[in-house]
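Good morning, and thank you for coming.

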Amino acid sequence: MVGQFNLALIPKRALKYFEANRNVLVVEDDKIMGQMVTEILDDIGFEVTTAPNGMVALEKLKQETIDFIVLDILLPEMDGFEIYAKLQENPDTRDIPVMIITAWSDEKNVEKASQMGIKHFLPKPFTEDELVYTILTLLIDKSKSG
């Protein structure tokens with residue numbers, strides 16, 4: 001990750017999407033990656049909740065209101081796809097938008113994500129700008145469907 005994200009790059013008309021979706025859950029088992037994503041999102045003004053695995057993530061979703069999820073694929077106990085499937089089974093979580101961040105961005109995983117209905121997929125490594133752009137796209141799509 002390079003540099004600090006420049007908030008001035010976010011168009012004023014896009015800020016409403018960030019402001020309306022403050023609460024994010026980051027599910028990432030790599031402490032360094034999780035910390036970097038958390039710091040970027042915190043700098044923008046998101047309220048970040050973290051989980052190192054799917055079981056903790058599912059528990060936190062019962063306790064907190066989450067507007068969107070940043071989800072790694074390769075996780076202990078259950079992978080990101082299994083977590084996403086559990087989210088889809090639950091009426092309380094099925095409408096929470098999810099973006100995948102993963103080093104496993106081969107064609108098979110991208111296709112599997114697409115088939116499951118995951119539209120926002122960011123391969124690692126990524127820049128801060130790419131992360132923020134992908135989140136903005138996710139939130140704009142959420143506003144159109146909701």
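Helices in this talk are DSSP runs of H or I with at least four residues, and strands are runs of E with at least two, numbered from the N terminus. The model is a predicted one, in which local features need pLDDT of at least 70 and side-chain atom pairs count only at pLDDT 80 or more, while totals for chains, interfaces and linings use all residues. Residues are numbered from 1 along each chain as its sequence is written, and side-chain values use heavy atoms, with hydrogens and water left out.

Let us turn to the pockets. On a 1 Å grid over the protein atoms alone, a pocket is an open set of points where a 1.4 Å probe fits, with protein on both sides within 12 Å along at least five of seven lines; lining residues have an atom within 4 Å of a point.

Which helix gives the most to the lining of the second largest pocket? That helix is H3, with three residues. H3 spans 54-63, and H4 also gives two or more residues to this lining. Among the lining residues are Leu 58, Leu 61, Lys 86, Leu 87 and Ile 96. The pocket holds about 190 Å³ of space, a volume being the space filled by probe spheres set on the points, which are joined across faces, edges and corners. Its lining divides into five nonpolar, three polar and four charged residues. Here Ala, Val, Leu, Ile, Met, Phe, Trp, Tyr, Cys and Pro count as nonpolar, Asp, Glu, Lys and Arg as charged, and the others, Gly among them, as polar.

The largest pocket has about 310 Å³. Of its 16 lining residues, Pro 97, Val 98, Gly 117, Lys 119 and Ser 145 are the closest to the centre. H4 (80-89) and H6 (128-145) each supply at least two residues of that lining, and H6 gives the most, with four.

H6 also packs against H2 (residues 31-44), at an angle of about 65 degrees and with the axes 11 Å apart. Axes are lines fitted to C-alpha atoms over the stretch in contact, and angles run from 0 to 180 degrees between N-to-C directions. On the H2 side, Val 37, Ile 40, Leu 41 and Ile 44 meet Glu 128, Leu 131, Val 132 and Ile 135 of H6, where contact means heavy atoms within 4.5 Å. Seven of these residues are nonpolar, none is polar and one is charged.

Finally, H5 (residues 107-116) is followed by Gly 117, whose phi is positive, near 100 degrees.
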